Amino acid sequence: GSSEGIGICLVTQCSLDRLPQMQAQMQAWDDEMSVAVFIDAHPNSLRASKGRLRIIEACSAAAAARASCNPNSAAPAWTVTVVYQLDDAEIRCPDYD
């Protein structure tokens, strides 16, 4: 964290093809991090399930790398939100159509 005790939360977004960059950022960033990851698939699809697994694997690898470099450091404060492709019918608002 910050030397003055004031943390900065890094907020970013990416898609599955950018998971290696997200993982590298997680390994390098010492403060809180909030990431939105877009999966271009319906939430209940096999493709989305595989995408969620890839996100978990990237986060786990980043945490393991951080722990191996500094075993006494606190657990990282990461929030990862998954955003999915939705069908038009799922996002229409009757009041505005």
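Student: Where is Cys 9 found?
Tutor: In the segment before β1, which covers residues 10-15. Keep in mind that this is a predicted model.

Student: Is Cys 9 buried, exposed or partly exposed?
Tutor: Cys 9 is partly exposed.

Student: What does Cys 9 touch, leaving out residues up to four places away in sequence?
Tutor: Glu 32, Met 33 and Ser 34.

Student: And how far is Cys 9 from Asp 31?
Tutor: They are 22 residues apart in sequence. In space, the C-alpha to C-alpha distance is 6.2 Å.

Student: New topic. Which way do the side chains of β2 point?
Tutor: They alternate along residues 33-39. Met 33, Val 35, Val 37 and Ile 39 point to one face and are buried.

Student: What about a regular strand in general?
Tutor: In a regular strand, side chains alternate between the two faces of the sheet.

Student: In what sense do β1 and β2 pair?
Tutor: Parallel, over six bridges. Val 11 has Ser 34 in β2 as its bridge partner.

Student: And how many bridges link β2 and β3?
Tutor: Seven, and that pairing is parallel. β3 spans residues 78-84. There, Thr 81 is the bridge partner of Ala 36.

Student: Which helix does the chain cross through from β2 to β3?
Tutor: Helix α2, residues 46-69, in a right-handed β-α-β crossover. β1, helix α1 (residues 19-28) and β2 also make a right-handed β-α-β unit.

How values were computed
Residues numbered from 1 in each chain as written. Predicted model: local features only at pLDDT ≥ 70, side-chain atom pairs only at ≥ 80, totals over all residues. Heavy atoms only, no water. Helix = DSSP H or I, 4+ residues; strand = E, 2+ residues; numbered from the N terminus. Buried < 20%, exposed > 50% of the residue type's maximum accessible area, 1.4 Å probe, protein only. Contact = heavy atoms within 4.5 Å. Pairing = 2+ DSSP bridges. Right-handed = clockwise from strand over helix to strand, strands pointing away.
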